[in-house]
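Here are my notes on the entry you passed along. Please read them with the structure open.

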Amino acid sequence: MRSKRGDNVDKKETKEIAESEMTIEELARIKGVPPTPPHLDASKWTKEQLDAEIEKGMKDIREGRVTPLEDFVEELKREGRL
């Protein structure tokens, strides 16, 4: 099989190329990820809602309510989300 550039590609690469051209919504549906609930979909928020959520996050950081990246990744792996 050939890629758009004309290179020979194997089956795995073909799947990766196809997935790279999909939208986030298409990939999520194929991989069985549930859709984002509307109240968590930042693309639907007003500027005021977004500003308020960013401020809440910044307050958490200032007050030390953070999770190290390594711990977060391990949690995702334990839950089967990564």
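This is a predicted model: local features need pLDDT of at least 70, side-chain atom pairs count only at pLDDT 80 or more; totals for chains, interfaces and linings use all residues.

The points below run from the whole chain down to single side-chain pairs.

1. The protein chain has four helices and zero strands. Along the sequence the pattern reads α-α-α-α.

2. Burial and surface. Of the 82 residues in the protein chain, 5% count as buried. The chain exposes about 7600 Å². Carbon and sulfur atoms supply 58% of that area.

3. Geometry of H3. Helix H3 covers residues 47-62. After H3 comes Gly 64, with a positive phi near 80°.

4. Start of H3. Lys 47 sits in helix H3. Its relative accessibility is 56%, so Lys 47 counts as exposed, the cut-off being over 50%. The Lys 47 side chain still makes a polar contact, at 2.7 Å, with the side chain of Asp 51.

5. Nonpolar patch. Leu 50, Ile 54, Met 58, Ile 61 and Val 66 make a nonpolar surface patch of about 440 Å². Ile 61 belongs to helix H3. With a relative accessible area of 51%, Ile 61 is exposed. Please look at this patch in the viewer.

6. Side chains of opposite charge can pair when their charged atoms come close. The model has eight salt bridges by the 4 Å rule. One of them joins Lys 56 and Glu 53, at 3.0 Å from N to O. Both residues lie in helix H3, three residues apart, about one turn of the helix. Lys 56 is partly exposed at 49% relative accessible area. Glu 53 is also partly exposed, at 36%.

7. Glu 74 and Lys 77 meet through their side chains at 4.0 Å, N to O. The cut-off is within 4 Å, so check this pair against it. Both lie in helix H4, residues 69-78, three residues apart. Glu 74 is partly exposed at 41%, and Lys 77 is partly exposed at 46%.

8. Arg 65 is partly exposed, with a relative accessible area of 47%. Glu 63 is partly exposed at 45%.

Methods. Residues are numbered from 1 along each chain as its sequence is written. Side-chain values use heavy atoms; hydrogens and water are left out. Patches are made of residues with over 30% relative accessible area and no salt bridge: like charges are joined within 9 Å, nonpolar side chains (Val, Leu, Ile, Met, Phe, Trp, Tyr) within 5 Å. Accessible areas come from the Shrake-Rupley method with a 1.4 Å probe; for residues, only the protein chains shown count as cover. Helices (H or I, at least four residues) and strands (E, at least two) are DSSP runs, numbered from the N terminus. Buried means under 20% relative accessible area, exposed over 50%, partly exposed in between (1.4 Å probe, protein chains only). A polar contact is a pair of N or O atoms within 3.5 Å; within protein, one must be able to donate a hydrogen and the other to accept it, and residues adjacent in sequence count only if both atoms are side-chain atoms.
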